[in-house]
Amino acid sequence: MTLSESIFENLRLELRRGCLTLAVLAQLRQERYGYTLRKALAERGLEIDESTLYPLLRRLEAQGLLASEWREEDKRNKRFYRLNEDGERMLGQLLEEWQALNAAITASLGMDGIEAPASSGDASG
Amino acid sequence: MELLERYLEAVRKHLPWERQDDILAELRANLEAQLEEKEAGLGRPLTSGEMEEWLKSLGQPIQVAAGYQPQRYLIGPAFFPIYWYVLKLALGWAGVIYSIVTVVTLFAQTTPNAMEWVGAIARIPWVLMMTAAWVTVIFAAIEFGVSRKWFDKRELAGTSSSWTPRVGPPMASKEVGGNKPRSFAQAVADVVFGALFLGWFLAVPSHPWVILGPGAYLFRNSPFQLAPVLVPFFWWIVALSALQLGWKVVDLIRGTWRGRDQLQHLVVTVIGLIPLGILLCVPNHNWVLLKHPELDRAKFGVSLDQINSGIYKALLLIVAVVVLQLVWEIVRRSLEAYKRRVAAR
């Protein structure tokens, strides 16, 4: 990996980190367990590693944004997560922030006449 | 499935023990669901090789488990800049103190040989390593305390909400001499090290080993003793250090720690000339005396004269350097004041 690829990779991971949390919160408006959540994110173009997603769910729950319960489904005990009230509120705030950021960046690119460079690499992480 | 079980057991070993079972049950459920889907897609169970490839793609067990651990640092980003500053300061002082102690110790003996010098130099890395280790241990303990919420991280790191941009001197005096403004951590470290120095220096009369190291023993058993005239010199240094420390504490309390106080520096330099003057005015330049002059004069008289002559030369050099610094400081300040007056017209 060249230096510029390595810098890009670090910046890309930084950029994705916050977005992934937002995407996970958004998906958990509907109750899901870890694997189905991962599949739902992948179907929407957000590949995420197991080793990133599952601990993230635990952290979000510890932060009081998710509620979870163990339940049997297909003869197997699974831990289902869902956004709680605080999580809903947080998601709303984060979405506002995200939209403001998005609008600001889009406006900056438009005003400066800079075209977004062609994307390279996948979106896994 | 056996490989999956082995994989999960390997993950278990690195999980936080109080949540091991719960995390592992969840991980197992997720991985089994994924495996079932894979096998349903293929219409057959995974071969041993495919299973191995899949498990490898999940990551090493220790890395998977690490995601469930709380974020831990030996010294986290909040304290690292302070740690780095204190470490540099401590290493610098350790080097200086060790050098002084070693030189005094070696000269307290008759004539140090080359091997003793080499030995003393070879011990420098060890002294620096021990100093660094102690500073690191102290900061790691602070970080540990913060992670356990024993202390408030923002208060300790000087980033509390009580901070305001008013903490600091006016811009005009900030960049005098091109010096960078001091951080709060540096100001606190200055006070801490100033207090430590004062405590250390006050301990010298009763515990001379703190300045001479093993040389204190040699000196006590040598035919030499320090002249009583050094007592007022000692108290002048104490007073000077106390004045500097008090000034720094007042700066911290008033919130004017950001600048390097030029006036303070000037006053301390001028007052610092007084104890040097006291030393230079010692009659016959006898800073070191013989304990039993009538007995030892013949044997150690020449050494005594050499020691006192060496001290005299060193003192002259120090006074010359201090006076030159003072003159340079006065000239520089005058020029800056002149420039400011011209710019204000």
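I began at A:Asp74, which lies in the loop between S2 and S3 of chain A. Helices (H or I, at least four residues) and strands (E, at least two) are DSSP runs, numbered from the N terminus. The model is predicted: local features need pLDDT of at least 70, side-chain atom pairs count only at pLDDT 80 or more, and totals for chains, interfaces and linings use all residues. Residues are numbered from 1 along each chain as its sequence is written, and chains are lettered from A and ligands numbered from 1 in the order in which they are written.

**Entry 1**

I looked up the backbone of A:Asp74 and found a positive phi of about 50°, although the residue is not a glycine. Is A:Asp74 buried or exposed? I noted it as exposed, because it has 9 C-beta neighbours inside 10 Å. For this term, a residue is buried if 20 or more other C-beta atoms lie within 10 Å of its own, exposed if 12 or fewer, and partly exposed in between, with C-beta atoms placed from the backbone.

A:Lys75 lies in the loop between S2 and S3 of chain A as well. Its phi is near 60°, again a positive value in a residue other than glycine. A:Lys75 has 5 C-beta neighbours inside 10 Å and so counts as exposed.

**Entry 2. The sheet of chain A**

I then followed the strands on either side of that loop. S2(A) and S3(A) form a hairpin with 2 residues between them. They run antiparallel and are joined by 8 bridges. Two strands pair if DSSP finds at least two bridges between them. Which residue in S3(A) stands opposite A:Ala67? I found A:Arg82 there.

S1(A) also pairs with strand S3 (residues 76–83) of chain A, in the antiparallel sense and over 2 bridges. In S3(A), A:Phe80 stands opposite A:Tyr33.

I wrote the whole sheet down as open, with 3 strands in the order S1-S3-S2 (chain A) and antiparallel pairing. Strand S1 (32–33) and strand S2 (66–73) of chain A stand at the edges with a single partner strand each, so one side of each has no neighbour in the sheet.

**Entry 3. Chain A as a whole**

I counted 4 helices and 3 strands in chain A. Along the sequence they follow the pattern α-β-α-α-β-β-α. Chain A has 125 residues, of which 18% count as buried. I also checked the contacts in chain A with a separation of 6 or more: residues 24 or more positions apart account for 48% of them. Here two residues are in contact if their C-beta atoms, placed from the backbone, lie within 7 Å.

**Entry 4. Two helix pairs**

Two packed helices are described by the angle between their axes and the distance between the axes. Axes are lines fitted to C-alpha atoms, for helices over the stretch in contact, and angles run from 0 to 180 degrees between N-to-C directions.

In chain A I took helix H1 (residues 3–27) and helix H2 (residues 34–43), which pack at an angle of about 115° with their axes 10 Å apart. H1(A) and H2(A) are therefore roughly perpendicular to each other. Angles under 35 degrees count as roughly parallel, over 145 as roughly antiparallel, 65 to 115 as roughly perpendicular and the rest as oblique. A:Ala23, A:Val24 and A:Gln27 of H1(A) make the contact with A:Leu37, A:Ala40 and A:Leu41 of H2(A). By class, the residues of this contact are 5 nonpolar, 1 polar and no charged. Ala, Val, Leu, Ile, Met, Phe, Trp, Tyr, Cys and Pro count as nonpolar, Asp, Glu, Lys and Arg as charged, and the others, Gly among them, as polar.

In chain B I took helix H1 (residues 2–12) and helix H3 (residues 48–58), which pack at an angle of about 25° with their axes 10 Å apart. That makes H1(B) roughly parallel to H3(B). On H1(B), B:Leu3, B:Leu4 and B:Tyr7 meet B:Met51, B:Glu52 and B:Leu55 of H3(B). The residues of the contact of H1(B) with H3(B) divide into 5 nonpolar, no polar and 1 charged.

**Entry 5. Where chain B touches chain A**

I found 14 residues from chain B and 12 residues from chain A in the contact. On the side of chain B, helix H2 (20–42) and helix H4 (61–66) are the elements that give two or more residues. H2(B) gives the most, with 8 residues. The side of chain B that touches chain A has 7 nonpolar, 5 polar and 2 charged residues.
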